[in-house]
Amino acid sequence: MVEEPKWLTINQITDPAGDLRILELPFEAKRTYFIQNVPHGSQRGFHAHRSLRQIFFAPQGSFEIELITGNSKRSFLLNSIDQKALVVPPGYWRIISSFSKDATCMVLASEHYMESDYIRNFDEYVSWCKENLENES
Ligand code: T46
C-alpha cells in the first residue's frame, strides 16, 4: 500500500509590520523548487517518484494536484488563502493543473534531483505498482 497524502497547516503570525508564515517540516528537505508563469490551461507532472517525498504549497495563487495510484484518483486544491501544505509520499502518479495566473507551486523535496527516481511512462508506472505496492500487506 502507498502511504496516504497528508495536509499540514501553515501557521501565521501577524503584526503591524506584516505577516509571518510558518511551516514545520515532518522530514528533512534537501531541495526546493517552484513553478511559476504556467500558461492558462497547461498541466505539469505526468510522472511518479519511486522514493521522493514532497511537500507542496501555494505561497501565491492556486493550483490543483491530482494523485493517482492503483484504482484511486484524488484531487487536492492548494490555495494561498487556505494556508495548507500537502505532503505527497512516494508512489503517486501526479498531474498538476488549474494554475491561476499568479500561482507559485512551491515544492520541498526529501532528496537531491535524481532522474532515475522518476517514472515518466504511465504503463511503466502501472507495472511498478504491481511489483512494488500490490503485494505489500
Ligand atoms: C514534481 C513537479 C511538481 C532538474 O534538472 N532538476 C530539478 O530539481 C527538477 C525538479 C527538474 N529538473 C529538470 C528535469 C527536466 O528536464 O527540469 C526539467 C523539467 O522537469 P519536469 O519535467 O520534471 O517538470 P514538472 O513540472 O513536470 O515536475 C516537477 C518536478 O520534476 C517533480 O518532482 O513533482 O515539478
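The model is predicted, so local features need pLDDT of at least 70 and side-chain atom pairs count only at pLDDT 80 or more, while totals for chains, interfaces and linings use all residues. Residues are numbered from 1 along each chain as its sequence is written, and side-chain values use heavy atoms, with hydrogens and water left out.

Read from the N terminus, the order of elements is β-β-β-β-β-β-β-β-β-β-β-β-α. The C-alpha trace spans about 55 × 35 × 25 Å along its principal axes. A compact globule of 137 residues would have a radius of gyration near 14 Å, and the 16 Å of the chain agrees with this; the radius is taken over C-alpha atoms, and the globule rule is 2.2 Å times the number of residues to the power 0.38.

Turning to the ligand, 14 residues surround it, and the closest are Arg 31, Tyr 33, Arg 44, His 49 and Tyr 118; a residue counts as near when one of its heavy atoms lies within 4 Å. This shell divides into six nonpolar, four polar and four charged residues, with Ala, Val, Leu, Ile, Met, Phe, Trp, Tyr, Cys and Pro taken as nonpolar, Asp, Glu, Lys and Arg as charged, and the others, Gly among them, as polar. Strands E4 (31-35), E5 (44-49), E6 (54-60) and E10 (93-97) each supply at least two shell residues, and E5 gives the largest share, four residues.

For Arg 44, the distance from a side-chain N or O atom to a ligand oxygen is 2.6 Å. A polar side-chain atom of His 49 is 2.8 Å from a ligand oxygen, and for Gln 54 the corresponding distance is 2.9 Å.

Key
Polar contact = N/O pair within 3.5 Å; in protein donor to acceptor, adjacent residues only side chain to side chain.
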